[in-house]
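The following note concerns the packing of nonpolar and aromatic side chains. Please read the points alongside the coordinates.

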Amino acid sequence: SGPPPIPRGRYIVPLICPSYIAPDHGSVWYAGREYRIATAAGIHATEEVEITCHKHFRASEVGSATPRCRRDGQWEVGKTCEPIYCAGYGLVENGYVSTQDYVRAGTRIQITCHEWYKPAGMEEGARPDPLCMDNGQFERGVTCVPKPCPRDSTGPCPQGQRDAMSRGIDARVSKQQVKDWEDELRRPLVGDYNPNVFDHEPRPYSLDISTPEDDYQPLPWPPSKHFNPPPKQPA
């Protein structure tokens, strides 16, 4: 007894390849289906898979975008996925950029204007935080133009504005913007008053509206415990 004899004859063994491993930050496609980790095993010789890269990455120059299963049961070398970078944004007139290093696609940088200057161009689509795009270029960023100076102002504000005008930078501000800027400078710094348990004095107050003189009655200070204000005279 023993194992049965092996029958003689010719056998055709199909040539297949192992699973194709998806590249980092990419996918591999086979028969219309996406595989983010690896394909199933058993892809026949001469069949192909397709490699795609995820957002903010691009295919390497080396390797095939459609590697084929060879007749020796091995895969052709396929492409890998590399990150996309944008070069330094460059200098901003009258401002500065958060970084001048290479940045990855999908990253935003920040443009900040110097004192007495403000960002401009947002109405035309410029951004104070331009994005590094997948084509390796930044979105359009804002420029820095002079702020309107308060009327009859002296000092660094008008000097900075004159310096900018000498370099061909137009402030292009409206009369309303000038008024808003002046009003902002005139606004007093007002802090809220928070009494505590040890504070027995009356809270100070003021009226921001004008009152007729006949309605004004001076109050004694400090107020007396038994003080009653005089009654208002009928008109």
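1. A residue is termed buried when its relative accessible area is under 20%, exposed when over 50%, and partly exposed in between. The model under review is predicted. At 17% relative accessibility, F138 therefore counts as buried.

2. F138 also belongs to the largest nonpolar core, which has 15 residues. The members that touch the most others are C86, V92, V103, I109, C132, F138 and C144. Apart from neighbours within four places in sequence, V103 is in contact with I84, Y85, C86, I109, C132 and F138.

3. The number of aromatic pairs in the structure is 2. In one, the ring centres of Y20 and W75 lie 5.2 Å apart with their planes at 85°, so the arrangement is edge-to-face. This pair links distant parts of the chain, 55 residues apart: Y20 is in the loop between β1 (16-17) and β2 (26-30), and W75 is in the loop between β6 (57-59) and β7 (81-83). Y20 and W75 are both buried.

4. The rings of Y89 and F138 have centres 5.4 Å apart and planes at 75°, so this pair is likewise edge-to-face. Y89 sits in the loop between β8 (85-86) and β9 (95-97), and F138 in the loop between β12 (117-120) and β13 (143-146), so the pair ties together parts 49 residues apart in sequence.

How values were computed: Residues numbered from 1 in each chain as written. Predicted model: local features only at pLDDT ≥ 70, side-chain atom pairs only at ≥ 80, totals over all residues. Heavy atoms only, no water. Core = buried A, V, L, I, M, F, W, Y, C linked by side-chain atoms within 4.5 Å. Buried < 20%, exposed > 50% of the residue type's maximum accessible area, 1.4 Å probe, protein only. Contact = heavy atoms within 4.5 Å. Phe/Tyr/Trp six-rings, centres within 6.5 Å; stacked < 30°, edge-to-face > 60°. Helix = DSSP H or I, 4+ residues; strand = E, 2+ residues; numbered from the N terminus.
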